[in-house]
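Subject: Structure handover

Hello,

The structure is below, and my notes on it follow. Please read them alongside the coordinates.

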Amino acid sequence: SIRELSLVNQSIRSFDLDPIESLDNLRSLNLENNQLTSLQGLLELNKLKILCVNNNKIVSLYSTHNDDQYPVLTSLQVLQLASNNIAKLGPLQLHRMPSLKAIFLQNNDISSLE
């Protein structure tokens, strides 16, 4: 099964994992330099430890408003979000990622930690 996947510079706008089983054992995913606006479609990758989504257009966890509080990306330890469109940390809902140890947010125009 696939443990590492790199899809850099592919003009990806969204990521739909159906069926999720095909990437169930993924540990590292690199989606740098694409057109993603949220992490929706990646949230069920519960064995993923490293997610690199630098240089996208990410604003939030979901593409639409979502008040769910259940944990997502439960094994994720490193989240690289540099050079995106993040203005507020609240929409990322980082509290829902229980194993997160490091987050990289450089080159975002963050105006609020809420």
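Strands here are DSSP runs of E with at least two residues, numbered from the N terminus, and two of them pair if DSSP finds at least two bridges between them. This is a predicted model, in which local features need pLDDT of at least 70 and side-chain atom pairs count only at pLDDT 80 or more, while totals for chains, interfaces and linings use all residues. Residues are numbered from 1 along each chain as its sequence is written, and side-chain values use heavy atoms, with hydrogens and water left out.

Sheet

Five strands form an open sheet in the order β1-β2-β3-β4-β5, and their pairing is parallel. At the edges are β1 (4–6) and β5 (102–104), each of which pairs on one side only. Three bridges join β1 to β2 (residues 28–30) in the parallel sense. In this pair, E4 is opposite S28 of β2.

Core

A nonpolar core is a set of buried Ala, Val, Leu, Ile, Met, Phe, Trp, Tyr and Cys residues joined through side-chain atoms within 4.5 Å. The largest one contains 27 residues, and L39, L51 and V53 have the most contacts inside it. Leaving out residues up to four places away in sequence, L39 touches (heavy atoms within 4.5 Å) L51, V53, I58, S60, L61, L79 and M97.

N54

N54 sits in the loop between β3 (50–52) and β4 (78–80). Why does N54 count as buried? Its relative accessibility is 10%, and buried means under 20% relative accessible area (1.4 Å probe, protein chains only). A polar atom of the N54 side chain lies 3.4 Å from the backbone nitrogen of L81. Beyond four places in sequence, N54 touches residues including L31, E32, N33, Q80 and L81.

Regards

Methods. Helix = DSSP H or I, 4+ residues; strand = E, 2+ residues; numbered from the N terminus. Buried < 20%, exposed > 50% of the residue type's maximum accessible area, 1.4 Å probe, protein only. Polar contact = N/O pair within 3.5 Å; in protein donor to acceptor, adjacent residues only side chain to side chain.
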